[in-house]
Amino acid sequence: MRLTQLVFFVILLAIALKSTQAIRPVECEVFDNTTTGTPDSRFRREVGTAYGADALITATEFVLKTFGQSDAGGRGYDFVLLVVESFYAIDTPYAFATTNGSRILMNADYLQTFPGNMKEEFTGIVYFTSGLVWQWTGNGGTPVGLLTGIADYIRLTAGWGYQGWPPRGSGLRWDEGYAITANFLEHCEGLRPGFVSDLNAMMIDSYSDAYFVELLGKPVNILWEYYKFEYATPGPAPALEYGSPEPAPAQTFGY
C-alpha cells in the first residue's frame, strides 16, 4: 500500500481534567490513500488532509475532556493515526470505519457515496471513532452496543450528530447501540453529571450492569423504562438510512 498524501501534526493538548491539570502530548497523523483508487476523491476535494488532521486533534481533545483522562490514567496513547482508503468488510457491508488500538481506518467508499454533507459526516465519524480509541472495553466484556453508544454519545454531545438519527426515546433495548444507546446515555448524564466519564473509568478491567446501580441507584433496565416513559415511544427504532492494560480490539462499524 502506497500512502500518497500525509499531513503530520504534533500538538500538546492542554486539557483541564477532573483531577489534574495535565498536558498530554498526542501525535496525530492523517493519511489520504484515495488518489490511486478514486480519481475524483470526494475526501480529497471536499475535506482534505489539513481539515482532517484538525478534526482529529479537536476530537481527541474533546474525548479526553469527556472521559477525564490524563497522563496518569486512561489509555495513554501518544499517537493516533487516521487513514482514509477503500475497504470492504464481509460482515458489515455498509462499514464506514474500523478501529484497532489507536489506528482508525475510514472507508473512502462510504464517504464517496454519502448523499448529504460529506464533510460534516466525516467530522462526526472522526468524533465517533475517537471515542472508540480512548474508551475502556472492560477487557472485552463490555457489550458492543454500549461501546458504540458511548462513541455516538461523544459525537452527539460534540454537536456532530447525524440528522437521520432516530429520535430520543426510540429503541427496544438500552444496549442496542449507536444513537439509540447514545440518547439513553445522554439521559443518564442528565441524572448525574459525569456519569459517562465515571462509567468509562469503571470499565477499565471489567464490566457489569451493576455499575448503573452504583452510579445512578437503579438497575439499568428500570432506568431504561423510565427513559422510555419520559418520551412515550414504545416499539422499535426507525431504520437508519446509512450507515491500557491492553489495546482496544479491532472493530468494524457500519449502519
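In which hand, left or right, does α1 pass α4 in their crossing? The tour below comes to that point after an overview of the chain. The model is predicted.

**The whole chain**

Begin with the complete chain, coloured by secondary structure. Eight helices and six strands make up its secondary structure. Followed along the sequence, these elements run β-β-α-β-β-β-α-α-α-α-α-α-α-β. Of the 255 residues, 53% count as buried.

**Helices α1 and α4**

Next, select α1, residues 42-67, together with α4, residues 144-157. The axes of α1 and α4 come within 11 Å and cross at roughly 110°. An angle from 65 to 115 degrees counts as roughly perpendicular, and α1 is therefore roughly perpendicular to α4. To settle the opening question, α1 passes α4 in a right-handed crossing. Display the side chains at the contact: Phe62, Val63, Thr66 and Phe67 of α1 meet Ile150, Tyr153, Ile154 and Thr157 of α4. These contact residues comprise six nonpolar, two polar and no charged.

**Helices α4 and α5**

On the α4 side, the contact is made by Gly145, Leu146, Thr148, Gly149, Ile150, Asp152, Tyr153 and Leu156. On the α5 side, the residues include Tyr178, Ala179, Thr181, Ala182 and Asn183, and also Leu185, Glu186 and Glu189. The residues of this contact divide into eight nonpolar, five polar and three charged.

**Helix α6 and its cover**

Move to α6, residues 195-202, where Phe195, Val196, Ser197, Leu199 and Asn200 are buried. Among the elements that cover these buried residues are α1, α4, α5 and α7 (210-216).

**The nonpolar cores**

Now select Phe122, Phe184, Phe195 and Phe212, the residues with the most contacts inside the largest nonpolar core, which has 64 residues. Helix α1 gives the most to this core, with 10 residues. Centre the view on Phe184: leaving aside residues up to four places away in sequence, Phe184 touches Trp174, Phe212, Val220, Leu223, Trp224 and Tyr227.

Finish at a second, separate core, which has seven residues. Leu81, Phe87, Ala89 and Leu105 are among them.

Technical notes
Residues are numbered from 1 along each chain as its sequence is written. This is a predicted model: local features need pLDDT of at least 70, side-chain atom pairs count only at pLDDT 80 or more; totals for chains, interfaces and linings use all residues. Side-chain values use heavy atoms; hydrogens and water are left out. Axes are lines fitted to C-alpha atoms, for helices over the stretch in contact, and angles run from 0 to 180 degrees between N-to-C directions. Helices (H or I, at least four residues) and strands (E, at least two) are DSSP runs, numbered from the N terminus. Contact means heavy atoms within 4.5 Å. Ala, Val, Leu, Ile, Met, Phe, Trp, Tyr, Cys and Pro count as nonpolar, Asp, Glu, Lys and Arg as charged, and the others, Gly among them, as polar. A nonpolar core is a set of buried Ala, Val, Leu, Ile, Met, Phe, Trp, Tyr and Cys residues joined through side-chain atoms within 4.5 Å. Buried means under 20% relative accessible area, exposed over 50%, partly exposed in between (1.4 Å probe, protein chains only). Angles under 35 degrees count as roughly parallel, over 145 as roughly antiparallel, 65 to 115 as roughly perpendicular and the rest as oblique. A crossing is left-handed if the near helix is turned anticlockwise from the far one by less than a right angle, and right-handed if clockwise.
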